[in-house]
Structure formats: C-alpha cells, structure tokens
Amino acid sequence: MRLAAPSFIISASRIENVCYLHGKVDEVELLYFCSQQPEDLPDTDEVAALAREPMRYNIHMPYDRDLAVVESWQAMEPFATRLQPVNATTHTFHLQPQPDFFRHLEHFIHATQLPISVENGGDDAHLFSAATALPVDFCVDIGHIIHHKRDAAAILAKHSERITLLHLHGSNGQRDHRSLKFVDIGVLRMVKQFAVEQDVTICLEIFQEDALHESIQIMRDV
C-alpha cells in the first residue's frame, strides 16, 4: 500500500513539509490552491529544492478559477511549465459540468503532454462518465463520496480501470477532511484492498497533524 499526504501538515513551507513527511508517507501531494496573484506561481527555487528530495509527488492544480473559461487554462500553463522538474505522477484538476471544461481540458492535455487526472470536487462523481472519452486518469475522492453518503464501492468498481489516485478522509457529518476514525472500518478495508490490487496511491487528504498520524496508523492496521 502506497500512502501520500498533502504538502501542508505543519505550519511551514512545502519543502519543509516534504522533509517532515519523509519516512511517514511514500508520496506527497503538492498543493497549489490559488492562481490569481503573481506570488501564487510556483517558486523556481522551491521547485528545484523539491526535485532534489527523494520523494514521489503528485500535484493538485489550482481550483480558484472557472475552468470552463479559456483564459483560466492560460493561467494553468505557467504552473505546468514551472512544476515539470518534480516529475509528478499526475496533475489533478477538479471536474466541472460544462462542455467547455472538457473541451479546454483536452486542448491542455495535447498542448502540455502531461499526465492529467480529474477529481470529483464535491458531490459530482457522476461527471467521471463525461470524461471517459478523454486521455485522463481518474482521481476519486472517497472522502467526498462518504461525506455525501454515496456508494464508494460502486464508483470504484465502475471506473476501476481509469483510477490512478484516491483521496481519502473522514467526515464528522458537518465537515470532511477529518481523521479516518470517522470512516466505517469496512469501507477502509475495501479502499485499501482496491488500492493494493490496482497499485493506486491513497492520499490521506487530512491537514491536521495529529489526525494525519492517527489516520496513517489506522490504514496500516486495517
């Protein structure tokens, strides 16, 4: 089983978080939430430092723009260029329902030749079906599926051949991205079995330090 964690667990830079996560997880999800300001762009020195670390990475691309608008994809291009040195396994975008989102995504894939995955950003896992014609992988956020009380096993079974990354976190009924102590043990065993059989990374998308450590141990033990 290959576990990942986000690049913001402790109150420090991405590179400091990567160093902190060494030995705790096998992969780090480099988070880039924002793209509206010049300072949001990946810092070239930081990227070079990240590339020197013996760590496997995936990248969560910004989701602060409407990706049904072509100008938003133009803002994604410098992220793709600057982050190439880390040799990420995938670059993940949140799914959107508009046909223009899929059209612009397809153009971006052909223009960049990067490994791309699409993720359910909320209660919208049904949108994976609209992405099957594109050369993308699927990042299934099990945490969102649990939070919205959908059938995680059915979604994994339906898209098993396209899934290369899972996001996993608990929900306390009000908020998700909580500890896995809130997740039914049977669901955790199902997710772990799927990840092992399919050789898929499970990213514990949990941002509280203690909750992350607790969740890592829970996944080791199930």
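## The barrel

How many bridges join strand E7 to strand E8, and how do the two strands run? In this predicted model, strand E7 (residues 163-168) and strand E8 (residues 201-204) are joined by four bridges, and the two strands run parallel. Among the residues involved, His167 has Cys203 of E8 as its bridge partner.

Zooming out, that pairing belongs to a closed barrel of eight strands, in the order E1-E2-E3-E4-E5-E6-E7-E8, with parallel pairing. Going from one strand to the next, the twist averages 25°.

## Helices across the strands

Helix H8 (residues 209-221) lies across strand E1 (2-6), E7 and E8. Its direction makes an angle of about 150° with E8.

Then there's H4, which covers residues 99-112. H4 lies across E4 and strand E5 (116-119), and runs at about 160° to E5.

## Aromatic pairs around Trp73

Now for the rings. With centres required to lie within 6.5 Å, the count comes to eight aromatic pairs. One of them brings together Trp73 and Phe93: the ring centres are 4.9 Å apart and the planes sit at 50°, so this pair is tilted, given that stacked needs under 30 degrees and edge-to-face over 60. Trp73 comes from helix H3 (residues 70-82) and Phe93 from strand E4 (residues 91-94), so the pair ties together parts that are 20 residues apart in sequence.

Are these two residues buried or exposed? With under 20% relative accessible area as the cut-off for buried, Trp73 counts as buried because its relative accessibility is 4%. Phe93 also counts as buried, at 1% relative accessibility.

Trp73 has another partner in Phe108, again in a tilted pair, with 5.1 Å centre to centre and 45° between the planes. This pair links distant parts of the chain, as Trp73 is in helix H3 and Phe108 in helix H4, 35 residues apart. Phe108 is buried, with a relative accessible area of 3%.

Helix H3 contributes Trp73 and strand E4 contributes Phe93, while Phe108 comes from helix H4.

Which residue has its charged end over the ring of Tyr20? That's Lys24, whose charged end sits 4.2 Å from the centre of the Tyr20 ring.

Notes: Residues numbered from 1 in each chain as written. Predicted model: local features only at pLDDT ≥ 70, side-chain atom pairs only at ≥ 80, totals over all residues. Heavy atoms only, no water. Phe/Tyr/Trp six-rings, centres within 6.5 Å; stacked < 30°, edge-to-face > 60°. Buried < 20%, exposed > 50% of the residue type's maximum accessible area, 1.4 Å probe, protein only. Lys NZ or Arg CZ within 6 Å of the ring centre and 35° of its normal. Pairing = 2+ DSSP bridges. Axes fitted to C-alpha atoms, helices over the stretch in contact; angles between N-to-C directions. Contact = heavy atoms within 4.5 Å.
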